[in-house]
Amino acid sequence: MAYLTIRNLSLGYDSHAIAEHLNFTVNPGDYLCIVGENGSGKTTLMKTLLHLKTPIEGEILVGDGLMPNEIGYLPQQTVVQKDFPASVREVVLSGCVARAGLRPFFTAEEKRIADDAMKRMGITALAKRCYRDLSGGQQQRVLLARALCATRKVLLLDEPVSGLDPVVTAELYSLIAELNREGITIIMVSHDVGAAVRYASHILHIGETMFFGTREAYRNSEIGKRFLYREGTVQ
């Protein structure tokens, strides 16, 4: 059974639609990349899936026992977030807030979850460092560890490699792919169509032309060929 089933979804601001009639599903183990032109509504869709925005019309059905607090989210970073004055361990632990509820402290189990997430992301040695003193790549690993504290099921990632150099970008893509192989479902907004068809199992292309299907079907579609050619991606 699908984790998410999206039916005839239209989204935007103040009743002005920027993406309409979206239909797609996300199954356990999928790696879905959401691509399209700037301003096509990719980030708005991500926020709508998280119920941070109300759709203009349509529905989002949740299945297979997925609970709202079992979705980890890594948003695009703002300048203020990059300058956050907290230790790495504090930032990662904050991913357990949904588990803690109104409880004003973290349990030993939640601390263990945070430590395990830092270990998986290779940032244990940075635990006491101030988050704002880290490099961009290190900060993204911290935020990915934070998101992992919230879930073992689904990760929503909004442009996770934005602004990173090619080496760090490749390392982060590799980490995300490994998480997917371990069974975590990935939904990622990306401007990098070439990387999308390299790593994702499915592609959702939104804009004037809509597409949803496997990466192989996207490679062979007219919209896929057009975008891959524009980016100079080898077919």
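The following legends describe a predicted protein model in an overall view and several close-up views. Residues are numbered from 1 along each chain as its sequence is written, and side-chain values use heavy atoms, with hydrogens and water left out. Because the model is predicted, local features need pLDDT of at least 70 and side-chain atom pairs count only at pLDDT 80 or more, whereas totals for chains, interfaces and linings use all residues.

**Figure 1. Overall view of the protein.** The protein has ten helices and nine strands (DSSP runs numbered from the N terminus: helices are H or I of at least four residues, strands are E of at least two). The radius of gyration is 18 Å, close to the 18 Å that the globule rule gives for 235 residues, so the protein is as compact as a globular protein of that length. This radius is taken over C-alpha atoms, and the rule is 2.2 Å times the number of residues to the power 0.38. Along the principal axes, the C-alpha atoms fill a box of roughly 50 × 40 × 35 Å. Of the 235 residues, 47% count as buried (buried means under 20% relative accessible area, exposed over 50%, and partly exposed in between, with a 1.4 Å probe and protein chains only).

Figure 2. Strand 9 spans residues 211–214 and includes F212. F212 is partly exposed, with a relative accessible area of 29%. Leaving aside neighbours within four places in sequence, F212 is in contact with N23, F24, T25, L32, H202, I203 and L204 (contact means heavy atoms within 4.5 Å). I34 lies 178 residues from F212 along the chain, and the C-alpha atoms of the two are separated by 9.2 Å.

**Figure 3. Close-up of the cysteines.** A disulfide is a covalent bond between the sulfur atoms of two cysteines. Here, a disulfide is counted as a pair of cysteine sulfur atoms within 2.5 Å. By this rule, the count comes to zero disulfides. C96 is in no disulfide, and the nearest cysteine sulfur, that of C149, is 4.1 Å away. C96 counts as buried at 0% relative accessibility, and C33 counts as buried at 1%.

**Figure 4. Close-up of helix 1.** Helix 1 covers residues 42–49; six of its eight residues are buried, so the helix is largely enclosed by the rest of the structure. The buried residues are K42, T44, L45, M46, T48 and L49. H51 follows helix 1 and has a positive phi, near 65 degrees.
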